[in-house]
Amino acid sequence: MKTIIDLMKYNKILLMGTKRSHKIFMIGLTLFLTLGSLLLPIYAGFAAFIIPIMIASEFSTVEIDHHGELTKAILPVKRSQNVAARSLLVAGVSAAASAVLFIIVLISMKLDFFRSSEILDPMFQRTSKETVVSVIFSGCYALGLGFASRILRNYYRKGVSRKKGATLRNGLKFICAYFGIGALLYLLGTAANFPIIATIIMMITAIVSALAQPMNGLLLCLLILLIGGGLMTYRTVCAMIEYEDREL
Amino acid sequence: MNKLTKMIAAALCGAVAAVSALPALALAEERTLPSGVPFDRIEKKIDIDLDQYKGDLSEGSTPGVASYAAEIFCGDEVLYKGFIGYIDMENQIPADEESVYEWGSITKTLIWVSILQLWEQGRLDLGADVRQILPEDFFQKLKYDEPITVLDLMEHKGGWGVNTYDISVPDGAPIPSLEEALRSSESPQVYPPGEVGSYSNWGAGAAALTVEKITGMDFADYVQQNIFQPLGMEHTALRPDLSDSRWVKENRQRSQSYGFNALSGYRLDGPKIRPIAVYPAGSCTGTIGDLTTYAQALVSDDAPLFQSKATREKLFSGSEFFGESDLPCWSCGFSVEQMAVPVFGHNGATKGFTANMLFDPVSKVGMVTMTNQIENNPVEGYFPHLVFGAPKPGDFGKTTDITLKTDSYYLPARTYAEGPYKFLSYLNAMPGSEISGAKLIGDGLYELASETGASAIPLGERKLSDGRTAIVAGGAATYLPEKWYLAKLSLLTMFFLTAVGGAFVLLIKGKLRRSGRSEKSAVSAILTVGHITRLVSMLTLLSMAAVILGSSGYGIPRSVGVCGGVIQMICGAGSIIAAAAAVFGLVKKKGWQKKAGCAVSLLANCTAAASIIFFEMYRF
């Protein structure tokens, strides 16, 4: 355990070596989204989604700059410990950041800061604002964890990408994926004009709504977070095995 | 002179008569709805208020209503008649007087009127035990020995939970008789009769069957002869296949029903007609004009549906009250809404239509609305408030400083209290804190004011035979305190979490196996079976829940219930075996990590087995 904690410290030091321009971008985006969270819960959801992805993808960028991968090769630790430490750091930092963001969201809800939103307002008519916001927030965080774990797994399986602008491309990919999901939801809504799809959507909506009822959505949030955490754990185990089997 | 005197006298008399008539004229001008809206401004107000819903609905940008038909009346006089939108958007068929809509549960009021007709004829005692009237082997799922009276059926106090099994007729299947339909979809009796108001379609069907047994007539024939024909309701049909009116059946084919959501706008909502086998519970279909005629007959002083005006008075005298007060919440099968004035009636919904019928028997003002849209329907709440207004704090009596003593959590009585859907009731609990601000008026009657103080609702307290205190929030809307609710909800939560967790353990085990790192032992194999059974159990439960939640309360086919029950039994047995293997592993395996894994497996499998047993997932 001590080794893992030491490795987490090492990873933290590595992360501090991020380029200034990247630091400014990450801090700027976080600040923008945090301020946005005061007015619209969607911003908080986007922040909870993007923060784990930003941290996970930044590791590969930093390691290109500082040859971190070589450093790891000479450290007297097991490869699996390396993977576990980085995954824990990503999950831990993003959980702490998301917790802070969620508190901001709760405060803004208490103070009625929220602006109306065409997408969210119809949902508020059916269930409480707290439930909708909590479920969306935990869903975004779980999705972010899922993507971050995928980045980490790919990194340990294939190594660092040395192509220029890889981070930017990755970032763009994830932003595209984020909006892609939005578009998919919209298409699903349109597909609801077909009776069979409408019935399936109605059934899924009904069961999700039922699970969201108790304790302001706590049961559904726990389930969503468990899915995100489970995905992270599964991919971390996969990364451990694949990294140990990989020829460096 | 004499002539002049006569002229002056005549002029004076005319002037006096004119002056004395002025207040009467003024009064006539001031005739208003119970909400305070003057009669002559109804149409203009509706036009302004509902203008936003008259746009191009097909684009889906307006959260309006596919179509509605509405009438407001005062006695025999129709004050407003309006139609908006299309009964078939695709073919642009606008709603009009010939459009037919489904009544939904308003149909049940035909049962209650029939029963009162038989009661006034001395053919049926409201206190009679229906077990003595219906065939001896009719009730198969009774839990209590207490008699079930006719009045219990009218008040939805027969003790039945929500029906699990399908009360509709599958596509193309022959339509069974009412008795056959009831026998094949019997709900379990979960409350002592006469104690708890729990709205039941099945119980209403049993009441209609009682009418059949007393009269020796088919219920649809009885209604046709004793309600529809006397009132001249030629454009209304009751049978599930609408075979009692060719006109209605043909016009019903012109109607479509729609759902609405903010993303896609309007969408067609499945097949055109879905026959309901327990048809007296909600199968009636007809025009707005006929429903208005029926509602007007109910408020009429002439009481055309009854032989005696006393029967009409009985109908509106209240049979169920808030606490021990005289404020009614239910009256011989009719709901009593406490608005600015007490309003009687019923609302209804089928899989594609919604309808509402409300009237004030004192002022004789009433309204009926019908729509072919089942979701996000703004008209549903608009008309009742337009006509009857909202109750204000103080309307039910003077409040004291004593507040309602509440338990932690309440479950709605109208729920799946037994069987595979028992878990759903735990997802719909009402925290006691939501109603703890209600203030006592007297005799178990409380008033709960809204946060803004602009409106209020009454609540009643009722002691049950098991010592619990139930909360009555309206007719057949009773909430029962649930002990250890959070513990039970935690068990359910753990069931879901361990099942989802098990899915990831299976994925990890698969990865380890493929990389040649997995442990090969009997215990490990059995624990894997445990992970699979938990996952299968959860997926089965959610699939079945999705089916019933999507059925709009019509229930599930028996085959689905049997499959689900058998799968849960197998999963329960698998979980118990896996738990035993985990105990074995806990004792035999070495190393804290393996022991911890076995301990977690033991906990997960015990949770799954306990959940399957406690939430009765195995029952069908």
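Colleague: How many helices and strands does chain B hold?

Modeller: Chain B has 17 helices and 21 strands. Helices are DSSP runs of H or I with at least four residues, strands are E runs with at least two, and both are numbered from the N terminus. This is a predicted model, where local features need pLDDT of at least 70 and side-chain atom pairs pLDDT 80 or more, while totals for chains, interfaces and linings use all residues. Residues count from 1 along each chain as its sequence is written, chains are lettered from A and ligands numbered from 1 in the order written, and side-chain values use heavy atoms, without hydrogens or water.

Colleague: And what is the pattern of chain A along the sequence?

Modeller: Chain A reads α-α-α-α-α-α-α-α-α-α. That goes with ten helices and zero strands.

Colleague: What box do the C-alpha atoms of chain B fill?

Modeller: Roughly 135 × 60 × 55 Å, taken along the principal axes.

Colleague: What makes Ser611(B) count as buried?

Modeller: Its relative accessibility is 0%. Buried means under 20% relative accessible area, exposed means over 50%, and partly exposed lies in between, with a 1.4 Å probe and protein chains only. Ser611(B) is under the cut-off, so it is buried. Ser611(B) sits in helix 17 of chain B. Its C-alpha atom is 28 Å from that of Ser521(B), 90 residues away along the chain.

Colleague: Why is the contact of Arg31(B) and Glu77(B) called a salt bridge?

Modeller: A salt bridge needs a side-chain nitrogen of Lys or Arg within 4 Å of a carboxyl oxygen of Asp or Glu. Arg31(B) and Glu77(B) meet at 3.6 Å, N to O, so the pair qualifies. Arg31(B) is in the loop between helix 1 (2-29) and helix 2 (42-49) of chain B, and Glu77(B) is in strand 2 (residues 77-88), so the bridge ties together parts 46 residues apart in sequence.

Colleague: Are these two residues buried, partly exposed or exposed?

Modeller: Arg31(B) has 38% relative accessibility, so it counts as partly exposed. Glu77(B), at 38%, is also partly exposed.

Colleague: What makes Arg183(B) a partner in salt bridges?

Modeller: Take Asp137(B): N to O is 3.2 Å. That pair links distant parts of the chain, with Arg183(B) in helix 6 (residues 178-184) of chain B and Asp137(B) in the loop between helix 4 (130-133) and helix 5 (150-154), 46 residues apart. Now take Glu179(B): the closest N and O atoms are 3.0 Å apart. Arg183(B) and Glu179(B) both lie in helix 6 of chain B, four residues apart, about one turn. Both distances are within the cut-off. Arg183(B) is partly exposed at 33%, and Asp137(B) is partly exposed at 43%.

Colleague: How do you know how helix 7 and helix 10 of chain A are oriented?

Modeller: The axes of helix 7 (residues 129-158) and helix 10 (residues 218-245) come within 8 Å and cross at roughly 5°. Under 35 degrees is roughly parallel, over 145 roughly antiparallel, 65 to 115 roughly perpendicular, and the rest oblique. So helix 7 is roughly parallel to helix 10. Their contact has 16 nonpolar, seven polar and five charged residues.

Colleague: Which residues line the second largest pocket closest to its centre?

Modeller: The second largest pocket has a volume of about 1700 Å³. Of its 47 lining residues, Val505(B), Ile508(B), Leu512(B), Gln593(B) and Gly597(B) are closest to the centre. Helix 14 of chain B gives the largest share, eleven residues. The lining divides into 21 nonpolar, 17 polar and nine charged residues.

Colleague: Which helices supply at least two residues each to that lining?

Modeller: Helix 5 (79-110) and helix 10 of chain A, plus helix 14 (485-514), helix 15 (522-549) and helix 17 (592-614) of chain B.

Conventions
Axes fitted to C-alpha atoms, helices over the stretch in contact; angles between N-to-C directions. Nonpolar A, V, L, I, M, F, W, Y, C, P; charged D, E, K, R; others polar. 1 Å grid on protein atoms, 1.4 Å probe; cavity = no way out; pocket = protein on both sides within 12 Å on 5 of 7 lines; lining within 4 Å. Points joined across faces, edges and corners; volume = space filled by probe spheres on them.
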